[in-house]
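This briefing is meant for a reader who is meeting the structure for the first time. It begins with a charged pair and then moves on to the overall fold, a pocket, a helix and the surface.

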Amino acid sequence: MKDWIGLLARLVTGGVWLVAGALKLPDPASSVRAVRAYDLLPEAIVPTVGHLLPVVEVVIGLCLVVGLLVRPMSVLSALLFVAFIVGIASAWARGLQIDCGCFGGGGYDADATSKYPWEIARDVGLLALSLWLVVRPRSRWALDSLLFGPREDIATDPRPTDADSTDPDSNDADTGPVLTHAERNHDGPEHS
């Protein structure tokens, strides 16, 4: 059941990143304007962040949707959502009325104050899904399972094996060679 929850978390979070990044890619100037509107970063790095952010969002989204590098991508996803939550809350607290720029756009928005609670709640939900994937990165239909081995629940099968047997008379192949009664009582090699 948890693997299906992981799949759902991957698809929802990855899908949101894909859409957000894809909408910003054709208009990088708008992305830069959205980053600048928060008035949190030094102007020297605003253009770099504005241009890189859509690319990073698309990469995270693609990786999560196909299940590739799920844990590191989920860590990045969680960090970005924390940054967005802090940014939106900061804008709200300072009385700024700006579009969050989450799906393109950005700049002044007369209705921003009424949108902030919903945007923060949405990002908190997506942050929770990202954290779920940080803790449980294995999920159904993930490339990680094909590239990096079997799922954890199969690799750590709790069923006892013959090697776990406490029977001292056990002659299992895992505990050493099978000896006959004569071999067990033999003190050493025979000499003629």
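## A briefing on the predicted model

E43 counts as partly exposed, because its relative accessibility is 46%. The side chain of E43 meets that of R36 in a salt bridge, with a distance of 2.7 Å from N to O, and R36 is itself partly exposed, with a relative accessible area of 38%.

**Overall make-up**

- The chain holds eight helices and two strands, and from the N terminus on these elements follow one another in the order α-α-α-α-β-β-α-α-α-α.
- The chain has 192 residues, of which 34% count as buried.
- The chain exposes about 11,700 Å², and 67% of this area is supplied by carbon and sulfur atoms.
- When contacts between residues at least 6 apart in sequence are considered, 70% of them join residues that are at least 24 apart.

**Salt bridges**

- Side chains of opposite charge can pair when their charged atoms come close.
- A search of the whole structure finds five salt bridges, and the pair of E43 and R36 is one that has a distance of 2.7 Å between N and O.
- R136 and D3 form a salt bridge through their side chains, at 3.2 Å from N to O.
- Because R136 lies in the loop between α5 (112–135) and α6 while D3 belongs to helix α1 (residues 2–24), this pair ties together parts that are 133 residues apart in sequence.

**The largest pocket**

- Rolling a probe the size of a water molecule over the atoms shows where empty space is left.
- The largest pocket has a volume of about 460 Å³, and of the 26 residues that line this pocket, V35, Y38, L53, A83 and F84 are the closest to its centre.
- Two or more lining residues come from each of the elements α1, α2 (28–37), α3 (46–66), α4 (70–93) and α5.
- Helix α4 gives the most to the lining of the largest pocket, with six residues.

**Helix α2 and the residue that follows**

- An α-helix has 3.6 residues a turn, so residues three or four places apart point the same way.
- In helix α2, the residues S30, S31, V32, A34, V35 and A37 are buried, and V35 is also among the residues closest to the centre of the largest pocket.
- The buried residues of α2 pack against helices α1 and α3 as well as against the strands β1 (98–99) and β2 (107–108).
- Just after α2 comes D39, which takes a positive phi of about 55 degrees although D39 is not a glycine.
- D39 has its place in the loop between α2 and α3, and with a relative accessible area of 58% D39 is exposed.

**The loop between α5 and α6**

- W141 is found in the loop between α5 and α6, and R136 lies in that loop too.
- The phi of W141 is near 55 degrees, which is a positive value in a residue other than glycine.
- W141 is exposed, because its relative accessible area is 65% and the cut-off for this class is over 50%.

**A nonpolar patch on the surface**

- V66, L69, L143, L146, L147 and F148 form a nonpolar patch on the surface, and together these residues have about 570 Å² of accessible area.
- Helix α6 (residues 143–148) gives the most to this nonpolar patch, with four residues.
- One of the patch residues, L143, is found in helix α6 and counts as partly exposed, at 33% relative accessibility.

How values were computed: Residues are numbered from 1 along each chain as its sequence is written. This is a predicted model: local features need pLDDT of at least 70, side-chain atom pairs count only at pLDDT 80 or more; totals for chains, interfaces and linings use all residues. Side-chain values use heavy atoms; hydrogens and water are left out. Patches are made of residues with over 30% relative accessible area and no salt bridge: like charges are joined within 9 Å, nonpolar side chains (Val, Leu, Ile, Met, Phe, Trp, Tyr) within 5 Å. Accessible areas come from the Shrake-Rupley method with a 1.4 Å probe; for residues, only the protein chains shown count as cover. A salt bridge is a side-chain nitrogen of Lys or Arg within 4 Å of a carboxyl oxygen of Asp or Glu. Buried means under 20% relative accessible area, exposed over 50%, partly exposed in between (1.4 Å probe, protein chains only). Contact means heavy atoms within 4.5 Å. On a 1 Å grid over the protein atoms alone, a cavity is a set of points where a 1.4 Å probe fits but cannot get out, and a pocket is an open set with protein on both sides within 12 Å along at least five of seven lines; lining residues have an atom within 4 Å of a point. Grid points are joined across faces, edges and corners, and a volume is the space filled by probe spheres set on the points.
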